[in-house]
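Subject: Structure handover

Hello,

Here is the structure you asked about. Please have it open while you read the notes below.

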Amino acid sequence: MEDHIQTEIDQNYKHNFLVNVLDGTFFWFGASFFATRTIAPLFLSYLTDSTFAFGILSTVVSMGYLIPQLFTANFVQNLSVKKVVPVKWGFFTERLPILLLPLSAFAAFYSYPLAVVLFLLFISWHILGAGVVSVGWQDMLAKVFSVERRGRFFGTANFGGTATGVIGASVAGWLLGTVTFPYNFMYTFGVGALFILISWFFLAMTREPAVPPEKERESHANYWRSLPRIIKADANFRRYIFSQIILAFGTMALGYYTLYTIRQWDVDTVMVGFFTTSLLVGQAVSNLVFGWLSDKWGHKLVLQLSIISLILSTAFALFAPSPGYFYVVFFLQGVYMAGTMLSGIMIVFEFCEPGIRPTYIGLTNSITGLFAGIAPMVGGVLIEGAGFGWLFIAAFVMNIVGLYMLHYRVREPRVQPTLVA
């Protein structure tokens with residue numbers, strides 16, 4: 001990177017740190033009012049008993065964000081300014097559907113099936129839209145924050161978001177428990193939409209220098225033909241991808257925890273709201289620690305710690321004698337989410353040179369996203385055929401195998417040279 005560009009990045013570091021932390025803080029605060037792992041399944045449980053509807057939600061949550069990324073990588077790779085993608089595109093693809101989300105609760109006054117369709121439509125639009133702009137957003141952040149500052153930034157931003165999200169989840173739990181249906185969800189979704197919009201204004205204030213692309217733009221045909229060669233040539237990256245595919249199946253139980261507690265113990269809306277609080281506390285506690293650890297020791301260590309927390313979470317779910325134990329389950333899930341959101345994003349930046357960073361981001365997330373989408377469907381089949389217990393056992397085993405692969409087969413890219421086959 002040229003000296004004058006690096007100077008501009010350094011000069012704008014404090015400004016970019018502040019506005020992007022505020023973006024993350026307000027985004028996650030807003031998202032706590034429609035949390036996809038707790039509040040969203042609860043809303044569906046009011047409207048339908050169909051496991052298929054819950055499976056669609058879990059599949060979209062698992063893969064919707066990841067799958068689109070490879071399809072935008074070639075375009076993003078050739079932009080001088082990446083900010084245009086998350087800001088201009090992102091308003092319509094990611095933020096607008098959340099502004100419309102309260103309409104799904106309003107529709108419940110007239111038709112439960114219509115409410116289900118609208119809710120799944122808006123949530124899918126939001127998650128898929130976030131995936132469309134994600135490569136541009138990640139590449140923008142990798143550009144404005146140098147490698148030794150990224151963990152600190154992501155840890156602080158995620159801490160701010162999850163810490164305020166604890167408050168948001170508590171307020172959401174109170175609204176859901178004290179206001180009658182469907183007004184409770186109308187208000188909850190409306191508050192979430194307001195703060196999602198506020199976060200967009202801070203994101204738009206990012207100062208990003210223009211950097212011309214390093215090479216001529218490839219045709220889409222040539223670009224797609226080059227992808228298998230990248231995976232074949234970079235053995236360490238290939239092994240990392242394989243470990244993430246296995247671990248994707250380790251997450252197949254996550255979307256069913258809330259449904260399990262409802263069916264097993266008939267938990268009420270207040271308790272589900274506080275499950276979200278517990279999850280966010282786990283994230284908040286972990287983010288600052290993981291940010292420091294990743295800057296000092298690398299992202300592989302953080303990913304391994306997050307997988308261990310997921311293994312423990314699944315074990316608690318399997319043996320929990322009462323719903324109170326699920327506060328621990330969701331807390332540990334929050335620890336896992338903190339690690340994967342922080343280091344799962346940033347480790348990919350270090351496998352490659354900046355010029356092809358969008359391609360590595362897209363390859364990682366789209367390939368793993370495909371299997372992350374299949375996993376909840378496998379989980380739904382296991383529930384229908386064998387019950388929740390076998391779902392938790394299968395997820396536990398896959399996480400053990402994935403942890404083994406990551407620990408013994410993948411080298412930390414920051415301190416080890418890329419292993420070429």
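Start with F326. Beyond its neighbours within four places in sequence, F326 is in contact (heavy atoms within 4.5 Å) with Y257, Y260, T261, W265, F275, A317 and A320.

A word on the source. This is a predicted model, in which local features need pLDDT of at least 70, side-chain atom pairs count only at pLDDT 80 or more, and totals for chains, interfaces and linings use all residues. Residues are numbered from 1 along each chain as its sequence is written, and side-chain values use heavy atoms, leaving out hydrogens and water.

Now the cores. A nonpolar core is a set of buried Ala, Val, Leu, Ile, Met, Phe, Trp, Tyr and Cys residues joined through side-chain atoms within 4.5 Å; buried means under 20% relative accessible area, exposed over 50%, and partly exposed in between (1.4 Å probe, protein chains only). The largest core has 64 residues. F119, F189, Y257 and F326 touch the most other members. Helix α8 (residues 112–144) gives the largest share of this core, 7 residues. Helices here are DSSP runs of H or I, at least four residues, numbered from the N terminus. A second, separate core has 50 residues, including L70, M140, W200 and L293.

- L312 is in helix α15. L312 is partly exposed, at 43% relative accessible area.
- D10 is in helix α1 (residues 3–11). D10 is partly exposed too, at 40%. D10 and V144 are 134 residues apart in sequence, yet 8.3 Å apart in space, C-alpha to C-alpha.

Best wishes

Definitions and conventions
Helix = DSSP H or I, 4+ residues; strand = E, 2+ residues; numbered from the N terminus.
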